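I opened this notebook to record what I looked up in one structure. The entries are kept brief and follow the order of my reading.

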Amino acid sequence: MSNTVRTRFAPSPTGYMHVGNLRTALYTYLQARHNGGTFILRIEDTDQGRLVEGATDIIYDTLRATGLTWDEGPDIGGPVGPYIQSERMGMFRQYAEQLVREGKAYYCFCTEDRLNALHEEQKANGEMSHYDGHCRNLSEAEIAAHLAAGDPYVIRQKIPETGVTAFDDVVYGHIEVNNSELDDQILIKSDGMPTYNFANVVDDHLMGITHVIRGSEYLSSTPKYNLLYEAFGWPIPCYIHCPPVMKDAQHKLSKRNGDASYQDLVAKGYLPAAVLNYLLLLGWAPEGEQEIFSLEEMVKIWDPARISKSPAIFDPLKLRAINAAYLRALPAGEFRRLADPFLDTAVHRPIDRDLLCANLQPRCEVLEDIPPQLDFIDRVLPFDAELYRNKKQKTTPESAKEALEALLPLMEAQQDWNRDAIFEACRQKAAELGQKNGWLLYPLGIALSGKSRTPGGGTDLAAMLGREETLARLRAALAAL
């Protein structure tokens, strides 16, 4: 392998894409792209019990939707495949057996009953449960006898009993662990399958991974990873451990606790680019005040040294604010396309959707904000005449009746039914009556909707609803006053 940066995102297909997972994918992608390197997708599906059907497609779809395209992976291949871990199973045992031959790993024939009893005893003595090295120094004759008897076994790593294992992390700095605190970890399970940690190290080496980006929960495993790299004589990658994503100061964000996945956020009307932009800032700080970044800008400014050590608390209000900025920047046609499915749930009568969307675009932060604003379109909401009272517009129920009596014949005579023409006719009528525009238009909005806040003022609503519906609602409002 050359000196080029090679990073990998290695999710397990166990359900929807957790936002913490997607943040790891983003940081891993940025590390590769910023350095002109290679971004690899590897599917780690060895935990067969937790696999969810269709979850691999969710991984592909999420990465594609957010623009995190990979250079090597299961669907496109590459020089170091296969890229699905279950398809690599044949190769792990040979590496473990190599360590056994070199005296760096050993066969452990301890039964489950013995291990359970050992851990119970340790617990009773107030000790941390750990393996006691019972099989660590078996003679060749003892090993041969166990194998001849067909006794099940695991292969364990022989961790040095003294000394210190140290490593440097880009985020957390220099970390040292006493080897005496580390367990002789299992490399190959009794069913012949590799453990997650062992498969990870072997795969990362064989794929030439230079930078490992993952959650800080793996910090405690890293000394064991490094002892494996050293046992094989392999180069150790650069480590970048990210702080956890928290729901609040005490609780990690977790799908198991019902916290939002990426798919949930998109279903609510968050834009993929906005979610990605928010995740960039979740535990990472740019220089300067700018907070809205395209993916191309993220690649340019990426610096892993700016990742925080502190847990990152997921802030829904910040996410909404970023999403609002993205929604407002959309071309009108694109906003309309994205809004249509949300309009379909709330509007069941003909309406000028382009005009409606022009009014909605500055008035929503997330697309799911749309339906609650449109509860008046299918029918006028029942309302109290007191709604017509507005200090700012100097309107009362009495003045509203006067305004609507002037508006009805004006609207009946209006031939050119569009927002600008309706507004101009109303402006002229207000001037003729010696009143400000709001005195006439505020009651119009209330009469057409039954609400004091709507997406668009009275003339917008009239243009959206159409001539017949507007006249019917005006007559009903007058009759009620």
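**Entry 1. Ground rules**

I note that this is a predicted model, in which local features need pLDDT of at least 70 and side-chain atom pairs count only at pLDDT 80 or more, while totals for chains, interfaces and linings use all residues. Residues are numbered from 1 along each chain as its sequence is written, and side-chain values use heavy atoms, with hydrogens and water left out.

**Entry 2. The largest pocket**

I looked up the largest pocket and found about 1,300 Å³ of space in it. A pocket here is an open set of points on a 1 Å grid over the protein atoms alone, where a 1.4 Å probe fits, with protein on both sides within 12 Å along at least five of seven lines; lining residues have an atom within 4 Å of a point. The volume is the space filled by probe spheres set on the points, which are joined across faces, edges and corners.

Helices (H or I, at least four residues) and strands (E, at least two) are DSSP runs, numbered from the N terminus. H1 gives the most to this lining, with 4 residues. By class, I noted 18 nonpolar, 13 polar and 11 charged residues in the lining of the largest pocket. Nonpolar covers Ala, Val, Leu, Ile, Met, Phe, Trp, Tyr, Cys and Pro; charged covers Asp, Glu, Lys and Arg; the others, Gly among them, are polar.

**Entry 3. The second largest pocket**

The second largest pocket has a volume of about 430 Å³. It is lined by 20 residues, and I recorded Ser 452, Arg 453, Thr 454, Gly 456 and Gly 457 as the closest to its centre. Helix H17 (437-449) and helix H18 (458-465) each supply at least two residues of this lining, and H17 has the largest share, 5 residues. The lining of the second largest pocket divides into 5 nonpolar, 11 polar and 4 charged residues.

**Entry 4. H17 against H19**

I followed H17 to its contact with helix H19 (residues 467-480), where the two pack at an angle of about 100°, with their axes 8 Å apart. H17 is therefore roughly perpendicular to H19 (65 to 115 degrees counts as such). Axes are lines fitted to C-alpha atoms over the stretch in contact, and angles run from 0 to 180 degrees between N-to-C directions. In this contact (heavy atoms within 4.5 Å), Leu 444, Ala 447 and Leu 448 of H17 meet Thr 470, Arg 473, Leu 474 and Ala 477 of H19. The residues there are 5 nonpolar, 1 polar and 1 charged.

**Entry 5. H6 and its cover**

How many residues of H6 are buried? I found 8 of the 11, so H6 is largely enclosed by the rest of the structure. Buried means under 20% relative accessible area, exposed over 50%, and partly exposed in between, with a 1.4 Å probe and protein chains only. Among the buried residues of H6 are Phe 198, Val 201 and Asp 204. Their cover includes S1, helix H3 (92-101), strand S7 (186-188), S8 and helix H7 (222-232). After H6 comes Gly 208, whose phi is positive, near 70°.

**Entry 6. H3 against H7**

I next checked H3 and H7, which pack at an angle of about 75°, with their axes 11 Å apart. These two helices are therefore roughly perpendicular to each other. Tyr 95, Gln 98 and Leu 99 of H3 meet Leu 228, Ala 231 and Phe 232 of H7. This contact has 5 nonpolar, 1 polar and no charged residues.

Also in H3 is Glu 97. Is Glu 97 buried or exposed? At 18% relative accessibility, Glu 97 counts as buried. Leaving out residues up to four places away in sequence, Glu 97 touches Tyr 107, Tyr 153 and Ile 155.

**Entry 7. Backbone notes**

I recorded a cis peptide bond between Gly 81 and Pro 82, with omega about -5°; Pro 82 is in the loop between H2 and H3. Lys 394 has a positive phi, near 60°, in a residue other than glycine. At 67% relative accessibility, Lys 394 counts as exposed.

Definitions and conventions: Parallel < 35°, antiparallel > 145°, perpendicular 65-115°, else oblique.
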